[in-house]
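I opened this entry to record what I looked up in the model. Short notes follow.

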Amino acid sequence: MNPRDDDLVVRDAGDHLVFNGRKSFSTGGRVTDVIVLEGVLEGTEDHVFAIVPSESPGVVRNSDWDNIGQRLSESGSVELHDVRAEWKNALGYVDKKFQPRVYNTLTTPAIQLVFVNLYLGIAQGALQTAVAYTRTKTRAWLHGVTDDPLDDPYILATYGDLASELYALEALVDKAGEEIQRVHDDPDALTERRRGEVAVLIAAAKIRSTRVALDVTSRIFEVTGARSTASALGLDRFWRNVRTHTLHDPVAYKLRELGVYVLRDEIPQPTWYS
């Protein structure tokens, strides 16, 4: 269900739906047990989602994922040739009629919050790995003020700065998680306004997690030293992973949504990305 590609074509075949088309990437597509299909019913403008086993006849999962980061996500392209899904597995449909609920539109903010936690986790992992390296392998600068890198004021200040960024981000992410959990606890009470407020909070977390993760994963090299760039150590994997995934959708548009909310008190409308 990559909205940047053409929609899959979906045909109503009685008790079944039949999907055809291609998506240029599918996150985890080559290693998943099930796959989410999304397309437009022929002759209508109605979008339909369905979940099918990844080994279903007609699902072709290609091994063409070759990006600088997220290499192990196996997010290659997927081709669908007359892939069948039962109507009963069409999400949100009852008797072939879609049942709209505000709660249905919470899927995208929930996915965005997953991304936020991913970026936070990468940044945490990068800092923990850098700390372990500095404690055991980083050498003091020969023109520095101490022979012990653990006493170097610049190394200490940099670690303090990175840690403070993470502490602040963790608090924001926890707040967003608590808010969306409250919605999940009473889904029928969700209003469009409340949904928009949750989406804005998650957008703020997405903005901050993107910036903090990119900062932390880049600046750890300032406190680990030149030898830490050795390929065998792979410290660049944190930056590569977060750099690749944070390009999923532009943070600039999250900033715009947040600005519109702050200045105009207007909530974002549900889209593929918000």
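Where is D265 found? I placed D265 in the segment after α5. The model is predicted. I checked the backbone of D265 next. Its phi is near 60°, a positive value in a residue other than glycine. D265 has a relative accessible area of 45%, so I noted it as partly exposed, the class between 20% and 50%.

I then looked up E74. Its phi is also positive, about 50°, and E74 is not a glycine. E74 is found in the loop between β5 (59-61) and β6 (78-86). I logged E74 as partly exposed because its relative accessibility is 28%.

Next entry: the surface. I found a nonpolar patch formed by M1, V34, V36, I51, L91 and W272. Together these residues have about 480 Å² of accessible area. I located W272 in the segment after α5 (251-264). W272 has a relative accessible area of 37%, so I put it down as partly exposed.

I looked up the largest nonpolar core and noted 35 residues. Which residues have the most contacts inside it? They are L127, L166 and V216. α1 (107-136), α2 (153-185), α3 (192-224) and α4 (236-245) each supply at least two residues of this core. I also listed the contacts of V216, leaving out residues up to four places away in sequence. V216 touches A123, A126, L127, L162, E165 and L166. I noted a second, separate core of 18 residues. It includes L8, V10, L37 and A50.

Definitions and conventions
Residues are numbered from 1 along each chain as its sequence is written. This is a predicted model: local features need pLDDT of at least 70, side-chain atom pairs count only at pLDDT 80 or more; totals for chains, interfaces and linings use all residues. Side-chain values use heavy atoms; hydrogens and water are left out. Patches are made of residues with over 30% relative accessible area and no salt bridge: like charges are joined within 9 Å, nonpolar side chains (Val, Leu, Ile, Met, Phe, Trp, Tyr) within 5 Å. Accessible areas come from the Shrake-Rupley method with a 1.4 Å probe; for residues, only the protein chains shown count as cover. A salt bridge is a side-chain nitrogen of Lys or Arg within 4 Å of a carboxyl oxygen of Asp or Glu. Helices (H or I, at least four residues) and strands (E, at least two) are DSSP runs, numbered from the N terminus. Buried means under 20% relative accessible area, exposed over 50%, partly exposed in between (1.4 Å probe, protein chains only). A nonpolar core is a set of buried Ala, Val, Leu, Ile, Met, Phe, Trp, Tyr and Cys residues joined through side-chain atoms within 4.5 Å. Contact means heavy atoms within 4.5 Å.
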